[in-house]
Every structure is written in C-alpha cells, then in structure tokens.
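Subject: Structure for your review

Dear colleague,

Please find the structure below, followed by an account of what was found in it.

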Amino acid sequence: MGWLLALPFLLPIASGLLAFAARRNTGLARGISLLGCGLLLLVTAWIFASVSRQGPLVAQMGNWPAPFGITLVVDRLSAIMLLVTGLVGLAVGVFALADIDRRRERLGFQGFFQLLLAGVCGSFVTGDLFNLYVWFEVMLIASFALLVLGGERQQVDGGIKYVALNLVSTLLMLTAIGLVYGLTGTLNLADLHLAIAAQGESVAVNALAVLLIGAFGIKAALFPLFFWLPASYHVPPVAVTAVFAGLLTKVGVYALIRTFTLVFPADLEFAHNLLLVAALLTMLTGVLGAAAQYEFRRILAFHIISQIGFLVLGLALFTPLALAGAVFYMIHNIVAKTNLLLISGTVRRMAGSFELAQIGGVYRASPLMATLFFIAAFSLAGFPPLSGFWAKLLLVTASLEEASYWVAAVLLVTGALTLFSMSKIWAEAFWKEHPGGGALALAALGRPEQWQRVVPSLLLVLVTVAMGIYPEPLITFARDTADELLNPAGYIDAVLSQSPD
Amino acid sequence: MNSIILQGATRLLVALILLFSVYMLLRGHNQPGGGFIAGLIAAAAFILYALAWGMAAARASLRVAPARLAAAGALLAAAAGSLAALAGLPPFTGLWLFIGGSETAKGIPISNVLLFDTGIYLAVVGSVLTLFFVLEED
C-alpha cells in the first residue's frame with residue numbers, strides 16, 4: 001500500500017531527473033517525460049478506483065507510526081484531485097511538444113515540468129502539515145524555473161513578482177506551522193484535529209486560522225492577495241500558463257479546504273465569515289478585471305481569480321451541498337480552464353497574437369478550433385448542458401438553501417460577466433475578419449504539430465462534455481466527498497489506528 | 001584573486017575541509033551532521049579553491065559538471081529510499097546490515113539511510129556549485 005501512495009510523487013521525480021539528465025537529447029527527454037505523464041495518469045486512476053471502492057488509503061513513510069512519521073493519506077478529495085492532475089499533466093505534456101521551443105527544452109523544460117507535477121501530487125497525498133509546506137516549496141521552485149526559463153526580459157519581470165509574493169506566503173505558512181507545533185505538539189493533520197478540538201475556541205486557534213487563510217490565500221490568489229497572478233501568468237509559454245492555471249492555484253484552495261474541514265473545528269465563525277467576504281470579492285474583482293482586458297491570455301488569467309472565488313465560496317458556506325459544489329466546480333474548472341489556455345496558444349499560433357485587436361478569422365480558418373473553444377468557454381460561463389452549469393447550479397442551490405440571497409445574486413452576476421468576456425473573445429478572435437491577411441489554417445501547421453495541439457484540447461473537451469451530459473456519477477461522488485470532509489472521523493481513524501507493517 | 005598566501009593555504013585547507021565534510025556525513029545519523037550540512041561544507045571547499053585558483057581550475061578539479069552531480073545525487077537518494085521495496089516495506093524504511101556484528105558487539109552498521117544521505121550530499125554539492133559557477137562567471 002505504501003508504494004502505491006508514494007508513486008504519484010516518486011514517478012514524476014524519477015522521470016523529471018532522468019529527463020533533466022537527458023535534456024540535451026531532446027527526443028529522449030520528451031520520451032521520458034511523456035512516459036512519466038502516461039504512467040502518472042494510470043497510477044492516479046488506480047488510486048482513484050481503490051479509494052472510491054474502499055475509502056481512505058493510508059501509508060506511513062519509513063514505517064514510522066503516525067503521528068511521529070510522515071503519513072500519506074488519500075481520501076476522496078485527494079483521489080479526485082490526483083486523477084485530474086494526471087489528466088492535465090498528460091494533456092499539457094503532449095501540447096508542450098508543439099508549444100515549447102528547442103532552446104527551452106535544452107535548458108531542462110521537461111525536468112521542471114515533471115518536478116511541478118511531483119509537487120502538486122505530493123501536496124494532495126500528504127497528511128502532514130510540514131510535509132505540505134515542503135511540497136509547496138517544490139512547486140514554488142519548479143514553477144519559478146518554468147516561469148523564467150528562456151530568460152526573456154518580461155519573463156524575468158513577471159518571475160520576480162511571482163516569487164517575491166509567494167515567498168511571503170511561504171513565510172506566513174512557516175510561521176503558522178511553528179505556532180501550531182508550539183500550541184499542540186503535533187503536525188499530523190489527523191492528530192491535529194484532536195489536539196485543536198481539545199483547545200476549544202481560543203484566540204490562538206482563530207489567529208492560526210487567519211494566518212493560514214493568508215498563506216493559502218496568496219497561493220490560491222484570493223482577494224486581496226491575488227496581484228501576483230495577473231502580473232506573471234501571461235509571460236511564460238502557453239503550455240506553462242496552462243498547467244499553472246489548471247493546478248497551482250487549486251492546490252491553495254485544496255489546502256484551505258483540507259485545513260478548514262479537518263484541522264479547525266466546524267464552528268469557527270470568524271474565519272468562515274472572512275472566507276465568505278473574500279470569496280465574493282474575489283469573484284467580482286476577477287471578473288471585472290477580465291472585462292477590462294483585451295488580451296486573450298490576460299482575460300483568462302483574471303477569470304482564474306474569479307473562479308477561485310467560487311471554490312472558496314463553497315468552503316465558506318460550509319454545508320454538504322456547498323462543499324459538493326466546490327468539489328464539482330474544482331474538477332470542472334481545472335479541465336475547462338487548462339483547455340481554454342491550450343486553445344489560446346493554438347489561436348495565437350494560427351492568428352499571430354494574443355491581442356484581440358490584432359487577430360480574427362479563426363472560425364473561418366478552422367471550424368474545429370472554434371467548436372472546441374465554444375464548448376470550453378460556454379462551459380466555463382455555466383451554460384447548460386455543459387459541466388459549468390451543474391457546478392454553478394449546485395453552488396446557487398446551496399446558497400439559496402442557506403437563505404443567502406445576495407450570495408446567489410453575486411454568483412449569477414459573475415456568471416453573466418464571465419459570459420460577456422467569453423463572447424468578447426469569441427467575437428474578436430473567432431468571428432470577425434483577421435485585420436491583417438487572415439489566420440493560418442490548422443492544416444498549414446504540419447502533421448505532428450497539428451496532432452500535438454488538437455488532441456489534448458479534444459480530450460479535455462470530451463471530459464467537459466461528458467461531465468455535462470452525464471453529471472450524475474460525479475455529483476454523487478462530490479456529495480460523498482463532502483460528507484467525508486464534514487465527518488472526518490473516518491479519515492482520523494484510518495490514520496491513527498494503522499500500526500506499522 | 002592572485003594571492004600566494006591564499007593559494008598556499010588553500011592547498012592545505014581544501015583537503016582538510018573535504019575530509020571534514022565526509023566526517024560530518026558519517027556522524028550525521030546519530031549526532032548533528034548529515035548529508036545536507038556535509039554537502040554545504042564540501043561545496044565551500046570547492047568555492048575556496050575557485051577563489052584562490054580561478055573558476056576554470058575549480059571546474060576542472062570537480063571533473064564532472066555540477067548539474068550532473070546534483071541529478072545523480074537526487075537519483076541515488078530516491079533509489080536508496082526505494083530499496084525498501086525489495087524487503088517488502090513501505091518507502092524510505094531504514095534497512096540495516098551490521099557487518100561483523102555478534103551477540104555483544106554491534107559491528108559496522110551499514111544502511112540505506114547512509115546511501116540516502118550520500119545522495120543528498122552529492123545533490124547539495126552539485127546544486128550549490130551550479131549556482132556558484134553560474135553567478136561567478138556571469
């Protein structure tokens with residue numbers, strides 16, 4: 001059992017190191033990286049299947065019993081996050097073959113990409129607060145390398161802002177971890193649940209909750225801590241932005257959900273209100289920021305922020321239905337958002353720019369790309385019968401059940417404004433004539449590049465459509481996940497009762 | 001820097017520092033020390049050598065590219081942790097072999113923990129020197 005749970009981070013670390021060692025032989029490095037992505041998807045699917053069949057899986061690293069050693073735990077939330085990470089990893093890995101130039105590959109792109117996946121998977125499997133911090137660092141190092149790889153002027157500019165603000169988050173998190181340890185003497189998440197419950201509602205617990213909201217809020221790009229995201233996400237190659245957009249901020253949200261359901265007691269009034277206000281403001285500022293932009297990738301970057309608001313809202317409402325909505329929304333959003341960024345990269349390749357004023361005519365050049373964009377974008381905006389509709393339906397229903405009518409109103413307004421931005425992109429990039437001579441047809445790109453660009457988008461669109469027209473299994477799974485999160489006794493038993501082999 | 005005093009002293013010191021780093025690596029299991037700190041000490045030796053004799057000489061004395069050393073070290077550490085699989089134990093479980101051990105004497109303890117620490121040692125030397133060479137040569 002221990003090995004199965006360690007594989008999601010051991011595999012990418014191994015393939016990353018090998019690909020880095022072989023980076024001058026780009027063909028070999030690509031092969032290793034793709035093989036790593038494929039195996040990762042298989043392993044995560046296997047873990048997902050076992051967890052949904054038999055409940056939380058637990059492994060004790062180094063055979064040290066919990067709470068003394070490092071525990072790996074995969075419950076339903078971790079399992080589905082791992083699975084979607086495997087999916088995004090493979091899609092972006094294939095797309096990167098076409099998008100990343102030879103120079104960046106020789107500098108070690110494949111190695112850092114795998115290391116990033118290792119950091120993300122590590123954060124999802126760990127059951128230890130300090131170990132979570134270590135995986136955050138792994139992600140930070142890998143993402144900084146990916147941001148500045150290639151060393152263009154604007155990349156370094158964006159990279160500095162990114163790393164400076166993320167270091168603040170790291171510092172907050174480390175401070176919080178130190179205080180937690182001083183207060184309770186343990187960092188194992190399951191053990192922490194018991195230790196914090198014994199503290200009762202004290203000032204220290206509230207202070208810790210706020211510190212962690214600060215730390216994870218920066219990672220997740222929550223209002224008002226999101227400034228690093230629009231400053232940096234438009235500078236690296238599209239494949240890098242796509243994997244960042246899909247996974248990095250979501251790890252911050254995952255950490256928030258994990259700590260506020262497992263570590264802190266459910267009646268932490270002050271912190272929940274703080275989360276609720278932050279979530280609503282995040283939704284509005286993100287979507288308004290996007291409405292003011294006229295660059296394809298910047299619009300999408302602001303929408304990442306707005307959608308983080310939806311996820312945190314689900315946590316802040318703290319009802320079973322709202323948490324299920326947050327889980328469903330997270331899966332839907334990772335798939336749709338990654339795909340939109342991949343499509344933006346292909347559109348740029350065909351039409352020559354990210355600036356909406358300078359491009360157009362993509363519908364004429366390739367109806368296929370236009371259809372893929374249409375599905376992904378309108379799913380993001382929440383159109384039935386696509387996946388975003390069900391995600392928003394769950395959240396709106398949850399807020400109406402709580403009689404929070406203004407929350408539901410903000411949700412709907414944000415949805416309408418999202419639709420406005422998506423229609424803007426549709427009209428400018430796809431519908432209107434190209435201002436300078438027309439866009440390249442897909443066929444003009446050559447066969448391998450065409451495949452590498454279209455297949456990942458097609459795969460992700462199929463997932464979106466499947467989640468849209470047949471949402472029942474995922475909604476059931478999300479509801480089970482929410483129940484598991486709100487009743488952590490099973491998780492805690494699984495961790496603390498297991499004796500070493 | 002072209003100082004005959006520094007160059008003369010460096011000849012002596014580098015050997016001592018490297019020896020000390022190995023000592024730190026080996027004592028690290030039960031006492032303060034270990035792969036990380038020993039790696040930093042070893043890197044300091046090469047940095048001192050580079051300051052006295054120049055970058056080219058330091059690179060030549062290392063014989064392999066430091067980035068390669070770092071990757072090899074990380075792989076070695078991962079492989080050491082994976083050895084536990086052969087014994088059917090969870091990842092990173094310590095496996096011990098006491099050479100010449102008997103009822104009364106412990107013998108010489110050899111373990112995959114030491115192998116892991118050695119991997120960390122190489123990874124730290126490699127990555128610190130990669131950074132140092134790049135910054136110094138720019």
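The expected span of a helix is 1.5 Å times one less than its number of residues. Helices (H or I, at least four residues) and strands (E, at least two) are DSSP runs, numbered from the N terminus. This is a predicted model, in which local features need pLDDT of at least 70 and side-chain atom pairs count only at pLDDT 80 or more, while totals for chains, interfaces and linings use all residues. Residues are numbered from 1 along each chain as its sequence is written, chains are lettered from A and ligands numbered from 1 in the order in which they are written, and side-chain values use heavy atoms, with hydrogens and water left out.

Helix α16 of chain A (residues 367–380) has 14 residues and reaches 20 Å from its first C-alpha to its last, close to the 20 Å expected. Of its 14 residues, 10 are buried (under 20% relative accessible area, with exposed over 50% and partly exposed in between; 1.4 Å probe, protein chains only). Among them are M369(A), L372(A), F373(A) and F378(A). The buried residues pack against several helices of chain A, including α13 (296–317), α14 (320–351) and α19 (447–469), where contact means heavy atoms within 4.5 Å. Just after α16(A), G382(A) takes a positive phi of about 90°.

A salt bridge is a side-chain nitrogen of Lys or Arg within 4 Å of a carboxyl oxygen of Asp or Glu; by this rule the count over all chains is 10. In one of them, E105(A) pairs with R30(A), their closest N and O atoms being 2.9 Å apart. This pair links helix α4 (residues 102–106) to helix α2 (residues 26–54) of chain A, 75 residues apart, and both E105(A) and R30(A) are buried. R364(A) and E433(A) also meet in a salt bridge, at 3.3 Å from N to O. Here helix α15 of chain A is linked to the loop between α18 and α19, 69 residues away, and both partners are exposed. Salt bridges with shared partners join D101(A), R104(A) and E152(A) into one network.

Chain B averages a pLDDT (the predictor's confidence in each residue, from 0 to 100) of 87, and 99% of the residues score at least 70. L97(B) is found in strand β1 of chain B and counts as exposed because its relative accessibility is 53%.

Yours sincerely
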